[in-house]
Structures are given as C-alpha cells and as structure tokens.
Amino acid sequence: MNCHKENTMSDRTAEELAELIMAKAKEFGADLAGIARGEDLKQSPSPLISERMPDFANVGAKEVEGRRPGQVDWPEGAKSVVVIAIAHPEDKPELDWWILGGKSVAGNTPGNKLLIAAANKLADWVEQELGMTSYRTPYHIELGAIYMKDTAVLAGLGCIGKNNILVTPEFGPCQRLRVIMVDAELPATGPSDFDPCHDCDMPCRAACPANAFGETLYTKEEYGFSQLPGRTGVYSRPLCSQIQDKACEEYEPVEIPGQEEPGKLARFCRECEFACPVGKR
C-alpha cells in the first residue's frame, strides 16, 4: 500500500468516504449515486438465475469461450460497487438512440457516452485522491460487467418494477446506469423500502407491444427463490428482444461526420417506461 493511500484512507471513516464518493459522482454528471457491497451482489437475484435461464443467450449476450451466458466474472480485489444513474426522460429520446455502421459512434448511445465519461472521471478521482484501486466495467456481462439493476437496488436507488426495469422515486423507470468497483469496504446505501408497484394496476405491462408479460415463465419452485424476472416470473426476454431487433431493422439513415456511407439510427421501444406513472412531474 502506498503512503498516499494510507494518508487519504486512514483519516476518514468508511461512511465519510462513501458520502464523498457519491457527492463526487454527482459533481461529475450523475443524477443519482449509491453504493452496494460486493458480497451482497454475488447473492443477488440476477447472478443466481441468469446462468439457469434457457433463453438468456438470445438477448444481446456475447459469446465468450469458457463462460456461460450471464456468468459474472467478479474481479479479484473488488469489494464495493458504486452505481451512478443519469435521467432519461421522455422528452430526450436521443439519449438512447443507437447508431450502427459508424466506426466512431457504433456501440455507444449518447446517454451511455455521458455515463462512461462520468464513471471514468469518478474512477480517476478515487484512484488519484483517495488512493483506491478502481475497476471499470463494460456493458456486457460476458465481457466483465456485473448486473447494474441489482446493484442499484442494493444501493437503495429504487426497486425492480413489474416491468422488470429499475424504478426510482425521482425518475420512475426512466434512467440509465453505469458502475465502477473499488477495493475498499464501503457501507451500502440501501436497499430501501420504496415499492410503488405493490398495488399498481400495471399499465406498463398493458402497454407492451410484444406482450412480453403475457405468461408465467419462471417459478420459485423451479428456481428456488421468489425474486423472479418481472417480479412474478412473467418477463419474456426473447419477446422484448424481438421489438428491439425490429427497431434495428426499421432504422433511419443518418449522416456520420467523416464517413461517406450513412449510418443506421435505431429508436428502441420504451412503451413500458412511458406508461409508468412513477417519477413523472
């Protein structure tokens, strides 16, 4: 351990470090921030169920030799996870527009670029100012990521709604997430008891054009616990994916600077998000 790390870590409590990190995350562009313990995340619903889901590989999963779809590869030394969120309101749809066919833009939506920039600034800061080791994660689980919605729930940002999306008091289901991991034991900032979906009549499910919540696919008897996709085991990843795939097929041509061939602009379905009454002001 270097002297700088000893000096910056030893004169602050873990609680003070956590508060400082979350404040910095917001300074760097996050609208929400929280912290989850690594040991809690390893026992959260997504890692436990994803490796057993027969249809997981159909939905945006990457094929990595020697690793099952959905399998998390937890970095050695990572102990706590900082999750950040930026709001993605209905009047800013461009944050989630996906452009295919351009070397400089492929793979990143404008919103994700904002998240990556904020996460990188935060990672740099905790390394340089606090002397911690940070672990910067990609988006795909098979490439080294962890489950961000589970992290956000354990960090107290919100709950998983009946639309299988993170729902927060501030923005409902309209936010996007990113995480970094650090090698320090920090106190978790959640979970919370926030649950607006308990007595909701589920307009999100009725709004789904793919009927992705139409039948029970997973049961607590089969999988061994009650925290299931869509809360009651009714969320179909393949049906939801079909709608998103259709958006890529029905793209709009878009000019890309420095490139002769136009790119392909895809606008993904967000009907279940917009139908949710939570977080609307």
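Three strands form an open sheet in the order β3-β9-β8, paired antiparallel. Strands are DSSP runs of E, at least two residues long, numbered from the N terminus. Pairing takes at least two DSSP bridges between two strands. The edges are β3 (98-100) and β8 (252-254), each pairing on one side only. Neighbouring strands of this sheet are turned by 40° against each other on average, direction ignored. Axes here are lines fitted to C-alpha atoms. β3 and β9 (residues 263-266) are joined by 3 bridges. Ile99 stands opposite Leu265 in β9.

This is a predicted model: local features need pLDDT of at least 70, side-chain atom pairs count only at pLDDT 80 or more, and totals for chains, interfaces and linings use all residues. Residues are numbered from 1 along each chain as its sequence is written, and side-chain values use heavy atoms, without hydrogens or water.

Arg176 sits in strand β7 (residues 175-182). Not counting residues up to four places away in sequence, Arg176 touches Ile84, Ala85, Ile86, His88, Asp96, Leu115, Arg270 and Glu273. Contact means heavy atoms within 4.5 Å.

Cys197 lies 21 residues from Arg176 in sequence and 19 Å away in space, C-alpha to C-alpha.

Terms used. Helices (H or I, at least four residues) and strands (E, at least two) are DSSP runs, numbered from the N terminus. Axes are lines fitted to C-alpha atoms, for helices over the stretch in contact, and angles run from 0 to 180 degrees between N-to-C directions.
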